[in-house]
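Here is a short report on one protein chain. Look at the model first, then read on.

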Amino acid sequence: MMTRASALRPSATHLLVELPYVPAAVPQARRALREQLARTNLPEEAVGTAELLVSELVTNAVKYGKPPVWLLLELRPGLVHASVSDTSVVLPQRQQVDLGSEGGRGLLVLDALAGSWGAVAVDSGKYLWFDLPVQSPVQP
């Protein structure tokens, strides 16, 4: 039975994926995201940005976290939300990087491309998340 309140709520699609605690988790997470977004009418630029942001979250979990690693995707009209959790309670820290550094820019990428993002420690670990507003509505 649909109530008036639920009829007014925009539809959303959710996907929860357990990822291996290995570097190969990064392309696996990108594939899962791309498969979910294939059902939408998002421009390729928005899909690419979402993939890059998910890559940063998963890379952080695999390099600095503890297993298990989970990816949660939520697609709503006008918004892509993703979070990655692991069982380490250590939150990411900004690093000083120079031009020759190969890493350490993940939080800068989130700052530059995500509409908003955050990191939260909980009793069971931590999760990093981002919201990516998109111009065309996501149609789950």
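## Overall picture

Among contacts between residues at least 6 apart in sequence, what percentage join residues at least 24 apart? The share is 65%. Contact here means heavy atoms within 4.5 Å.

This is a predicted model, in which local features need pLDDT of at least 70, side-chain atom pairs count only at pLDDT 80 or more, and totals for chains, interfaces and linings use all residues. Residues are numbered from 1 along each chain as its sequence is written, and side-chain values use heavy atoms, with hydrogens and water left out.

## Elements and surface

The protein has four helices and five strands. From the N terminus, their order is α-β-α-α-β-β-α-β-β. Helices (H or I, at least four residues) and strands (E, at least two) are DSSP runs, numbered from the N terminus.

The protein has 140 residues, and 39% of them are buried. Buried means under 20% relative accessible area, exposed means over 50%, and partly exposed lies in between (1.4 Å probe, protein chains only). The protein exposes about 8100 Å². Carbon and sulfur atoms supply 56% of that area. Such areas come from the Shrake-Rupley method with a 1.4 Å probe, and for residues only the protein chains shown count as cover.

## Paired strands

Strand β1 covers residues 13-19, and β2 covers residues 69-76. The two run antiparallel and are joined by seven bridges. Two strands pair if DSSP finds at least two bridges between them. Leu15 stands opposite Leu73 in β2.

β2 also pairs with β3, again antiparallel and over seven bridges. Leu75 has Val80 in β3 as its bridge partner. The hairpin of β2 and β3 has two residues between the strands. There, Gly78 takes a positive phi near 80°.

Start with Leu16 in β1. Is Leu16 buried or exposed? Leu16 counts as exposed because its relative accessibility is 55%. Leaving out residues up to four places away in sequence, Leu16 touches Trp70, Leu71 and Leu72. The C-alpha atoms of Leu16 and Leu72 are 4.5 Å apart, though 56 residues separate the two along the chain.

Next, find Val109 in helix α4 (residues 106-113). Val109 has 19% relative accessibility, so Val109 counts as buried. Neighbours within four places aside, Val109 contacts Leu52, Leu53, Glu56 and Ala114. Glu56 is 53 residues away along the chain, yet the C-alpha atoms of Val109 and Glu56 are separated by 7.9 Å. Ser88 is buried, with a relative accessible area of 5%. Beyond four places in sequence, Ser88 touches Tyr64, Gly65, Lys66, Gly125 and Lys126.

## The second largest pocket

Which residues line the second largest pocket? They are Pro43, Glu45, Ala46, Thr49, Leu132, Pro133, Val134 and Gln135. Both α3 (44-64) and β5 (125-133) give two or more residues to this lining. The largest share, three residues, comes from α3. By class, the lining has five nonpolar, two polar and one charged residues.

The second largest pocket holds about 170 Å³ of space. On a 1 Å grid over the protein atoms alone, a pocket is an open set of points with protein on both sides within 12 Å along at least five of seven lines, and lining residues have an atom within 4 Å of a point.

Methods. 1 Å grid on protein atoms, 1.4 Å probe; cavity = no way out; pocket = protein on both sides within 12 Å on 5 of 7 lines; lining within 4 Å. Points joined across faces, edges and corners; volume = space filled by probe spheres on them. Nonpolar A, V, L, I, M, F, W, Y, C, P; charged D, E, K, R; others polar.
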